Amino acid sequence: MALKFKASETFWKRFYALAPDQKESVRKKWEIFKENPFDPRLGTHMINRFSSVVGSSIFSVVIEANLRVLFSRDRDVIYTITIGTHDLYK
(Lines give C-alpha, C1' and ligand atoms only; values in the text may rest on other atoms or scores of the structure.)
Protein backbone atom coordinates (compact mmCIF):
# COMPACT_ATOMS: atom_id res chain seq x y z
CA MET A 1 0.00 0.00 0.00
CA ALA A 2 1.45 3.34 -1.05
CA LEU A 3 1.18 6.01 1.60
CA LYS A 4 -0.02 9.55 0.93
CA PHE A 5 1.28 12.46 2.99
CA LYS A 6 -0.48 15.65 4.00
CA ALA A 7 1.06 18.33 6.20
CA SER A 8 -0.81 20.95 8.20
CA GLU A 9 -0.21 24.66 7.76
CA THR A 10 1.10 24.69 11.34
CA PHE A 11 3.73 22.10 10.43
CA TRP A 12 4.98 24.17 7.49
CA LYS A 13 5.08 27.42 9.49
CA ARG A 14 7.11 25.77 12.22
CA PHE A 15 9.33 23.93 9.76
CA TYR A 16 10.31 27.13 7.93
CA ALA A 17 11.06 28.79 11.30
CA LEU A 18 13.66 26.10 12.16
CA ALA A 19 17.39 26.70 11.97
CA PRO A 20 19.03 25.49 8.74
CA ASP A 21 20.74 22.54 10.46
CA GLN A 22 17.41 21.44 11.96
CA LYS A 23 15.74 21.61 8.56
CA GLU A 24 18.49 19.40 7.19
CA SER A 25 17.89 16.88 10.01
CA VAL A 26 14.19 16.84 9.13
CA ARG A 27 14.97 16.26 5.47
CA LYS A 28 17.25 13.32 6.30
CA LYS A 29 14.63 11.72 8.53
CA TRP A 30 11.98 12.34 5.86
CA GLU A 31 13.83 9.97 3.53
CA ILE A 32 13.29 7.20 6.10
CA PHE A 33 9.80 8.35 7.14
CA LYS A 34 8.34 8.31 3.62
CA GLU A 35 9.36 4.66 3.25
CA ASN A 36 8.12 3.58 6.69
CA PRO A 37 6.89 6.01 9.38
CA PHE A 38 7.44 3.26 11.96
CA ASP A 39 11.06 2.47 11.04
CA PRO A 40 12.97 1.85 14.32
CA ARG A 41 15.57 4.49 13.35
CA LEU A 42 12.87 7.13 13.82
CA GLY A 43 11.99 6.25 17.40
CA THR A 44 8.30 6.50 16.51
CA HIS A 45 6.03 6.18 19.53
CA MET A 46 2.40 6.90 20.38
CA ILE A 47 1.58 9.94 22.52
CA ASN A 48 -1.12 8.43 24.70
CA ARG A 49 -2.30 11.67 26.29
CA PHE A 50 -2.95 13.34 22.91
CA SER A 51 -4.42 10.20 21.44
CA SER A 52 -7.02 9.93 24.19
CA VAL A 53 -7.95 13.61 23.89
CA VAL A 54 -8.48 13.59 20.11
CA GLY A 55 -9.83 10.07 19.88
CA SER A 56 -7.27 8.80 17.38
CA SER A 57 -3.66 7.70 17.54
CA ILE A 58 -1.09 10.51 17.59
CA PHE A 59 2.53 9.51 17.05
CA SER A 60 5.85 11.25 17.57
CA VAL A 61 9.01 10.85 15.47
CA VAL A 62 12.40 11.77 16.93
CA ILE A 63 14.29 14.12 14.61
CA GLU A 64 16.97 15.28 17.05
CA ALA A 65 17.42 15.14 20.83
CA ASN A 66 14.76 17.80 21.40
CA LEU A 67 12.99 18.02 18.04
CA ARG A 68 9.89 15.97 17.25
CA VAL A 69 7.27 15.65 14.52
CA LEU A 70 3.72 14.70 15.51
CA PHE A 71 1.56 12.83 13.04
CA SER A 72 -1.54 10.69 12.74
CA ARG A 73 -2.49 7.97 10.29
CA ASP A 74 -5.81 7.19 8.65
CA ARG A 75 -5.39 4.06 6.54
CA ASP A 76 -3.01 5.07 3.75
CA VAL A 77 -2.83 8.78 4.61
CA ILE A 78 -0.25 10.22 7.01
CA TYR A 79 -1.20 13.62 8.45
CA THR A 80 1.79 15.60 9.71
CA ILE A 81 0.44 17.79 12.49
CA THR A 82 3.32 19.86 13.84
CA ILE A 83 7.03 20.00 14.59
CA GLY A 84 8.87 21.32 17.63
CA THR A 85 10.47 20.58 20.98
CA HIS A 86 9.11 18.48 23.83
CA ASP A 87 6.93 21.51 24.64
CA LEU A 88 4.55 20.10 22.01
CA TYR A 89 3.51 17.55 24.62
CA LYS A 90 2.21 20.19 27.04
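Reader: Which radius of gyration does the protein have, against that of a compact globule?

Author: This is a predicted model. With 90 residues, a compact globule would have a radius of gyration near 12 Å. The protein agrees with that rule, at 12 Å.

Reader: What box do the C-alpha atoms fill?

Author: The box is taken along the principal axes. Its dimensions are roughly 35 × 30 × 25 Å.

Reader: What share of the residues counts as buried?

Author: Buried means under 20% relative accessible area. The protein has 90 residues in total. The buried share is 40%.

Reader: How much of the contact set links residues 24 or more positions apart?

Author: Take the contacts with a separation of 6 or more. Among these, residues 24 or more positions apart account for 43%.

Reader: Which pattern do the helices and strands follow along the sequence?

Author: The secondary structure comes to 3 helices and 5 strands. Read along the sequence, the pattern is β-α-α-β-α-β-β-β.

Reader: What is the strand order in the sheet?

Author: The sheet is open and has 5 strands.

Reader: Which are the edge strands?

Author: An edge strand here pairs on one side only. That holds for two elements, β1 and β2, the latter spanning 45–46.

Reader: How many bridges join β2 to β3, and which residue is the partner of H45?

Author: β2 and β3 run antiparallel, with 2 bridges between them. M46 stands opposite F59 in β3. For H45, the bridge partner in β3 is S60.

Reader: How do β3 and β4 run, and how many bridges join them?

Author: A hairpin links β3 to β4 through 2 residues. F59 has F71 of β4 as its bridge partner, and S60 stands opposite L70. The two strands run antiparallel, and the bridges number 6.

Reader: How many bridges join β4 to β5?

Author: β5 covers residues 77–84 and runs antiparallel to β4. L70 stands opposite T82 in β5. The bridges between these strands number 7.

Reader: Which residue takes a positive phi in the hairpin of β4 and β5?

Author: This hairpin has 2 residues between its strands. The phi in question is near 55°. The residue is R75.

Reader: Why is β3 called largely enclosed, and how many of its residues are buried?

Author: The test is under 20% relative accessible area. β3 has 7 residues, and most of the strand is enclosed by the rest of the structure because the buried ones number 5.

Reader: How many residues of β4 are buried?

Author: β4 spans residues 67–74. The strand is mostly covered. Of its 8 residues, the buried ones number 6.

Reader: How far apart in space are I58 and Y79?

Author: In sequence, I58 and Y79 are 21 residues apart. In space, C-alpha to C-alpha, they are 9.7 Å apart.

Reader: What is the relative accessible area of T80?

Author: T80 is found in β5. Leaving out residues up to four places away, T80 touches K6, A7, S8, F11, V69, L70 and F71. T80 is buried, because its relative accessible area is under 20%. The value is 8%.

Reader: Which residues lie nearest the centre of the largest pocket?

Author: About 300 Å³ of space lies in this pocket. Its lining has 15 residues. Nearest the centre lie F11, W12, V26, W30 and T80.

Reader: Which element gives the largest share of the pocket lining?

Author: Elements that give two or more residues to the lining of the largest pocket are β1 (4–7), α1 (9–16), α2 (20–33) and β3 (58–64). The largest share is 5 residues, and it comes from α2.

Reader: How many nonpolar residues does the lining of the largest pocket have?

Author: The lining has 3 charged residues and 1 polar residue. The nonpolar count is 11.

Definitions and conventions. Residues numbered from 1 in each chain as written. Predicted model: local features only at pLDDT ≥ 70, side-chain atom pairs only at ≥ 80, totals over all residues. Heavy atoms only, no water. 1 Å grid on protein atoms, 1.4 Å probe; cavity = no way out; pocket = protein on both sides within 12 Å on 5 of 7 lines; lining within 4 Å. Points joined across faces, edges and corners; volume = space filled by probe spheres on them. Helix = DSSP H or I, 4+ residues; strand = E, 2+ residues; numbered from the N terminus. Nonpolar A, V, L, I, M, F, W, Y, C, P; charged D, E, K, R; others polar. Buried < 20%, exposed > 50% of the residue type's maximum accessible area, 1.4 Å probe, protein only. Pairing = 2+ DSSP bridges. Rg over C-alpha atoms; globule rule 2.2 N^0.38 Å. Contact = heavy atoms within 4.5 Å.
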